[in-house]
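Reader: I have a model open and want to go through its packing. Can we take it piece by piece?

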Number of protein chains: 2
Amino acid sequence: MMPHGTVEVQTGWLTGGVITAANLGELGEFGLIGALGSWLPAGPAVLIGIGDDAAVLAAPDGRVVATTDFVIEGRHFRRDWSSPSDVGHKAAARSLADVAAMGAVPTGLLVALAAPPDLPVSWLRGLTEGLAAECARVGASVVGGDTSRAPVVLLAVTGLGDLAGLAPVLRSGARPGDVVAVTGPLGHAAAGLALLSAGLSGPAELIAAQLRPSPPYDAGPEAARLGATAMIDVSDGLLADLGHIADASKVQVDVHSDPLIRTYCGDAVSLTDVLTGGEDHSLVAAFPPSVTLPPRWTPIGEVRPGQGVTVDGDPHPGAPGWDHFR
Amino acid sequence: MMPHGTVEVQTGWLTGGVITAANLGELGEFGLIGALGSWLPAGPAVLIGIGDDAAVLAAPDGRVVATTDFVIEGRHFRRDWSSPSDVGHKAAARSLADVAAMGAVPTGLLVALAAPPDLPVSWLRGLTEGLAAECARVGASVVGGDTSRAPVVLLAVTGLGDLAGLAPVLRSGARPGDVVAVTGPLGHAAAGLALLSAGLSGPAELIAAQLRPSPPYDAGPEAARLGATAMIDVSDGLLADLGHIADASKVQVDVHSDPLIRTYCGDAVSLTDVLTGGEDHSLVAAFPPSVTLPPRWTPIGEVRPGQGVTVDGDPHPGAPGWDHFR
């Protein structure tokens, strides 16, 4: 629905040149596309990268894992709290963690970016640095995207990955008797948000957990190799995400408060944070009891016959789910 | 950055039940996710579909083609002009055409959808019907997505596809002597937009070309098999998109007005529409002169040494590019 007689710009990202504009309005869309292309290096899985109608990635396994997530200013980040690089790291982490939670190795991201014309070019540069750096943690890269205009910064990030011969680890395979274990922080991103909301800037570890989560991506394929029966990344909160596993697997998951308190709680991190705080993008999985877990996996509960999620055997009076539309 | 103590909803799409709510606000996010899942059938390439952290699609070729595009209310469609099914068709077509323009067969779509709470459930139902129907034209399906809230309807659609053993057809392979040919309409979507803007509702074929483009997806792999040296889908306008091929291939493309006028112009379709109108998502490709083109491919020009795009040998005083940020 472009105006009659004009031409819409192409939607791939091209490689580009030197940037002299101060903001997105001065840069223009072709300039933005060129800039983004020149700032984003291509990784080993990229056969055809930024600059054509579509990217081509290696999918040596013969299957591709794919997921997409919004990252919206005011909802997932605030520009007065997050550096642009933070936003890039967080936007990449949301999708890369979903790929890892299937037991796959992330290979590439597609980034659709809408933004206001007064967005500084330096902010965009920081964003792409964060995206590229988070991708580099797993050998993935940004391979394409799209650009448009919006009143706030809005990203839709698609993550792609390869299973390397392993069966995908679903939410639906947990069985009574399985051990439930976590790797990565729990409740730290929520505690960091509470600190920021109170105008505090520390402890730094908790602020960083909110602004720049650092998921243990390689633990996803590790869990698949160990024989995990179910896995999910903790984006909604531990109880909510275990609820998804319990529902899909038609089992009950009982979590034990002792190891949770011992491992995750602290001065600024409550058990409620640990049980219900989202956005840590840690991995929680169910393993057959015979599996010897590597040290980074902390057993925190067990799978039982039944339904729903309990804490120390009792139902938890949990908070209702976050709902974007209510 | 969810509120402390609440849980964010999971971001996959689940299968769901009966819908009684009238709008998105009543339905809620979990309801929306369930509804979308239940309305969207899974196709043959879907190994793991809606309802887990990520989808898993077959990628039998060992490579995957991937592209993402925004489709934004007020920019790419208007709800008073387009039915919800139209929007679904158009949103799917934008990404599926990019996949086809690489010479690949589309296999799946990921759809990130943000919308206002007062959006009627019936509108969402129509949207998903359009998405699914357009996917079904090529045997693809919607395999996942994300949902969030926005003041307007906003989609970010990722298309995935398989090359089936063929080399991808890039923008960069056109050589002097190649024949340039098109399949699908040119200028019809732009002519339809002009009619709608003037308050007219016909000719129906041109209105439909704007509201519900119907790209010739299977012509993409066909062109690859025929040995096309370069290909692009006409989303920006013929001259603009041939300009991308000319730039990437370091050649000049000369288009001939005679076959364009004969084949595409009409009472409501001007040569300017044909040369500069976007959104038809037809395919334009360069072929070695030895190739015998099937009848649906119309030769419209040739590749020469040089640079840029000419019409009948002369530079075209073309309209400037559409720029979202200026």
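Reader: Which hand does the crossing of α2(A) and α3(A) have?

Author: This is a predicted model, where local features need pLDDT of at least 70, side-chain atom pairs count only at pLDDT 80 or more, and totals for chains, interfaces and linings use all residues. Residues are numbered from 1 along each chain as its sequence is written, chains are lettered from A and ligands numbered from 1 in written order, and side-chain values use heavy atoms, without hydrogens and water. A crossing is left-handed if the near helix is turned anticlockwise from the far one by less than a right angle, and right-handed if clockwise. The crossing of α2(A) and α3(A) is right-handed.

Reader: At what angle do the axes of α2(A) and α3(A) cross?

Author: Axes are lines fitted to C-alpha atoms, for helices over the stretch in contact, and angles run from 0 to 180 degrees between N-to-C directions. Helix α2 (residues 84–100) and helix α3 (residues 121–136) of chain A have axes that come within 6 Å. Their axes cross at roughly 40 degrees.

Reader: How do the residues of the contact of α2(A) with α3(A) divide?

Author: Contact means heavy atoms within 4.5 Å. In α2(A), the residues that meet α3(A) include A:Val87, A:Ala91 and A:Leu96. Among those they meet in α3(A) are A:Trp123, A:Leu127 and A:Leu131. The residues of this contact divide into 11 nonpolar, six polar and one charged.

Reader: Which strands are the edge strands of the chain B sheet?

Author: Two strands pair if DSSP finds at least two bridges between them. Seven strands form an open, mixed sheet in the order β8-β10-β7-β11-β9-β12-β13 (chain B). Each edge strand pairs on one side only; they are β8 (230–233) and β13 (314–315) of chain B.

Reader: What is the bridge partner of B:Val179 in β10(B)?

Author: Strand β7 (residues 179–183) and strand β10 (residues 283–287) of chain B pair in the antiparallel sense over five bridges. β7(B) is also joined to β11(B), by four bridges, and these run antiparallel. In β10(B), the partner of B:Val179 is B:Phe287.

Reader: Is B:Trp123 buried or exposed?

Author: B:Trp123 is found in helix α3 (residues 121–136) of chain B. Not counting residues up to four places away in sequence, B:Trp123 touches B:Phe77, B:Arg79, B:Pro84, B:Val87 and B:Val153. Buried means under 20% relative accessible area, exposed over 50%, and partly exposed in between (1.4 Å probe, protein chains only). With a relative accessible area of 8%, B:Trp123 is buried.

Technical notes
Helix = DSSP H or I, 4+ residues; strand = E, 2+ residues; numbered from the N terminus. Nonpolar A, V, L, I, M, F, W, Y, C, P; charged D, E, K, R; others polar.
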